Amino acid sequence: MRATIGIASIALAAVLWRAGAPAPSPASLPAPPAATATGSAASAPLAQPAPAAPRSAAPTASTTTAVAGVESAVREARRTGKGEQEVHRLRSERLPAEQVEALARMEAAEANWRQRLEALQAACAANIGCDDARASFTREELARTTAYAAPTLRQ
């Protein structure tokens, strides 16, 4: 479970990075070249800012390492009983706000899925309202629920 969350976090970070990497700040852009001594300043071409890296570029190793390091710290904090505020603080210190928000949404969606799945399993195990519980799932979700079912032994 923890490995799945870690892998999903890294994958989510990569997707977020591809979808909306922030543009470089003007301070981080290279300085424009100085006018040559032979030409006048008026005839020198205007310096164009360097093009930003394409948004579809693959995440760097440092990005992946940063997310993995943060998620390792988050797992350790949760193992020692820290709450969601501490987890948010840990992530906010080292990750961009968009990634922190996306990770929080992903964890909320995972918790919602887990809750719905447990309710389905409990209803079907007790033979009370199994059909009603199944009705709240889409076909695709029902197909995924089989992966969470306890394994059965063949006789």
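A nonpolar core is a set of buried Ala, Val, Leu, Ile, Met, Phe, Trp, Tyr and Cys residues joined through side-chain atoms within 4.5 Å. With that in hand, welcome to this predicted model. Its chain has six helices and zero strands, and buried residues account for 21% of its 155 residues.

**Nonpolar cores**
- Eight residues form the largest nonpolar core: V67, V70, V74, V87, L95, V100, L103 and M106.
- Helices α2 and α4 (97–125) each contribute at least two residues to this core.
- Another core, of six residues, lies apart from it and includes W113, L120, A123 and F137.
- As background, nonpolar side chains tend to be buried together in soluble globular proteins.

**How α2 meets α3**
- Helix α2 covers residues 61–79 and helix α3 covers residues 84–94; the two pack at an angle of about 160°, with their axes 10 Å apart.
- Angles over 145 degrees count as roughly antiparallel, so α2 is roughly antiparallel to α3.
- The crossing of these two helices, α2 and α3, is right-handed.
- On the α2 side, the contact is made by G69, V70, E71, A73, V74, A77 and R78, while α3 brings E84, V87, L90, R91 and R94.
- By type, the residues of this α2–α3 contact are six nonpolar, one polar and five charged.
- V70, V74 and V87 take part in this contact and also belong to the largest nonpolar core.

**The chain as a whole**
- Starting at the N terminus, the order of elements is α-α-α-α-α-α.
- Of the contacts between residues at least 6 apart in sequence, 57% join residues at least 24 apart.

Note on methods:
Residues are numbered from 1 along each chain as its sequence is written. This is a predicted model: local features need pLDDT of at least 70, side-chain atom pairs count only at pLDDT 80 or more; totals for chains, interfaces and linings use all residues. Side-chain values use heavy atoms; hydrogens and water are left out. Axes are lines fitted to C-alpha atoms, for helices over the stretch in contact, and angles run from 0 to 180 degrees between N-to-C directions. Helices (H or I, at least four residues) and strands (E, at least two) are DSSP runs, numbered from the N terminus. Angles under 35 degrees count as roughly parallel, over 145 as roughly antiparallel, 65 to 115 as roughly perpendicular and the rest as oblique. A crossing is left-handed if the near helix is turned anticlockwise from the far one by less than a right angle, and right-handed if clockwise. Contact means heavy atoms within 4.5 Å. Ala, Val, Leu, Ile, Met, Phe, Trp, Tyr, Cys and Pro count as nonpolar, Asp, Glu, Lys and Arg as charged, and the others, Gly among them, as polar. Buried means under 20% relative accessible area, exposed over 50%, partly exposed in between (1.4 Å probe, protein chains only).
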